[in-house]
Amino acid sequence: MLLSPRLRPWGRYGLHLLVVASCYYVGARLGLLQALVNDQVTPLWPPTGIALLSLLLGGVRMWPGIAIAAFVVNATLGDSGPAFVISAGNTLGPVVAFLLLKHTGFRLEVDRIRDALALVFLGAFGGMAVSATVGTGALALNGVVDGTHFWSTWSVWWTGDAMGVLVVVPIVLALRNRAEWPTTLYRWLEWAALLLATAGVTVLITTVPLRMTFIVFPFLIWAALRFQHVGAAPCSFLTAVIAARGAAEGTGVFGGDLDLLGKMVTLQAFNGTVALTTLVLSAVISERNAARRAIERTCAQLADVVAQYEPLLSGNTRPPDSRESR
């Protein structure tokens with residue numbers, strides 16, 4: 001039965017909340033596959049990116065879908081008391097990040113340097129510190145985590161939440177902008193080769209016990225220069241996911257004598273540098289292209305004006321649109 005006209009907006013709103021909650025739950029289940037602390041604290045937590053993305057696209061009214069899904073996920077992992085506090089933190093973190101981004105005038109195209117910096121430092125690092133603090137504090141108050149492991153647990157939580165933002169938000173926003181997609185077969189082949197090369201290099205640096213993380217950056221720069229966000233975001237996504245897997249397994253650059261805190265600091269520094277490099281460079285290229293198009297439009301308009309008044313400039317004293325006096 002169709003909804004009445006008065007109920008249709010509420011029906012659409014409820015459907016949107018259901019989609020947000022479903023995506024959050026699926027993302028949480030995927031993230032828990034790499035849990036490092038108490039089977040619920042992971043170095044890659046996609047739901048934070050899904051939550052922030054839903055707020056950016058649908059507004060702050062999407063928070064109930066985030067809260068419900070977060071509570072369901074956490075309630076299946078432990079007592080309902082800590083689950084309620086943790087889910088509140090999981091909701092508050094993305095909301096704070098969204099409000100900070102909105103205050104700075106963040107644009108979904110991420111085509112300005114200020115947008116790239118805001119997404120990394122406010123959306124990921126700043127906002128997710130809230131959810132990490134609330135969640136780790138809830139575990140500590142309930143005796144799940146003792147005081148000696150507070151900061152290591154907090155670092156894993158914060159790293160996972162921040163990475164969720166840096167992995168999910170840029171790639172979805174980039175793929176929404178179809179104007180930047182490759183338009184020829186050659187460009188599609190180059191784009192695919194770029195992704196394969198980036199993934200292969202990242203697998204190498206996360207499995208070989210050598211400090212070679214820097215060799216992935218030429219591919220990331222290539223992606224940003226050639227394809228802007230539609231190339232840089234997928235490459236950054238692959239790099240972050242593979243690096244998180246390496247940190248969870250303690251291989252490659254994340255191996256050796258590094259403790260949990262050291263692994264998370266290394267992972268956060270690496271992925272933060274990757275995201276900052278790709279987003280800022282892509283934004284710089286986008287700004288340059290926009291400025292070039294604006295200059296080309298201005299030149300075309302000036303050429304039209306010159307062509308209109310060329311007879312006057314060549315010696316004809318009568319303007320092109322003048323009329324014979326009667």
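**Close-up views of a predicted model**

**View 1. Gln228 sits in the loop between H8 and helix H9 (229-249).** Helices in these legends are DSSP runs of H or I with at least four residues, strands are runs of E with at least two, and both are numbered from the N terminus. Residues are numbered from 1 along each chain as its sequence is written, and side-chain values use heavy atoms, with hydrogens and water left out. This is a predicted model, in which local features need pLDDT of at least 70 and side-chain atom pairs count only at pLDDT 80 or more, while totals for chains, interfaces and linings use all residues. As background, most residues other than glycine have a negative phi. Gln228 is also buried, with a relative accessible area of 13%. Here buried means under 20% relative accessible area, exposed means over 50%, and partly exposed is in between (1.4 Å probe, protein chains only).

**View 2. Val110 is another residue to look at for its positive phi.** The phi of Val110 is near 50 degrees, and this residue is not a glycine either. You will find Val110 in the loop between helix H4 (80-103) and H5. Is Val110 buried or exposed? With a relative accessible area of 4%, Val110 is buried.

**View 3. Arg226 of helix H8 reaches Glu190 of helix H7.** In a salt bridge, a side-chain nitrogen of Lys or Arg lies within 4 Å of a carboxyl oxygen of Asp or Glu. The side chains of Arg226 and Glu190 form one, at 2.7 Å from N to O. Arg226 belongs to helix H8 (residues 217-227) and Glu190 to helix H7 (residues 185-205), so this pair ties together parts that are 36 residues apart in sequence. Arg226 is partly exposed at 35% relative accessibility, whereas Glu190 is buried at 10%.

**View 4. Two further salt bridges join Asp111 to Arg107 and Asp115 to Arg112.** How many salt bridges does the whole structure hold? A search finds 4. For Asp111 and Arg107, the closest N and O atoms are 2.8 Å apart. Asp111 is partly exposed, with a relative accessible area of 22%, and Arg107 is partly exposed too, at 35%. For Asp115 and Arg112, the N to O distance is 2.9 Å, and both of these residues are buried.

**View 5. Phe121 and Phe125 form an aromatic pair in helix H5.** Rings of Phe, Tyr and Trp (its six-membered ring) pair if their centres lie within 6.5 Å; planes under 30 degrees apart count as stacked, over 60 as edge-to-face and the rest as tilted. The structure holds 7 aromatic pairs. One of them, Phe121 with Phe125, is edge-to-face, at 5.9 Å centre to centre with 80 degrees between the planes. The two residues are 4 apart in helix H5 (residues 113-141), so about one helical turn separates them. Phe121 is partly exposed, with a relative accessible area of 41%, while Phe125 is buried at 19%.

**View 6. Trp154 and Trp158 show a stacked pair.** Their ring centres are 5.4 Å apart and their planes stand at 20 degrees, so the pair counts as stacked. These two residues are 4 apart in helix H6 (residues 150-176), about one helical turn from each other. Both Trp154 and Trp158 are buried. Which residues do ring pairs link into a cluster? The members are Phe121, Phe125, Phe150, Trp151, Trp154 and Trp158.

**View 7. Thr159 is another residue of helix H6.** At 1% relative accessibility, Thr159 is buried. Contact here means heavy atoms within 4.5 Å. Leaving aside neighbours within four places in sequence, Thr159 is in contact with Pro43, Met264, Leu267 and Gln268.

**View 8. Val241 lies in helix H9 and touches Leu44 and Val167.** Those contacts do not count residues up to four places away in sequence. How far apart are Val241 and Val167, in sequence and in space? They are 74 residues apart in sequence and 7.7 Å apart from C-alpha to C-alpha. At 29% relative accessibility, Val241 is partly exposed.
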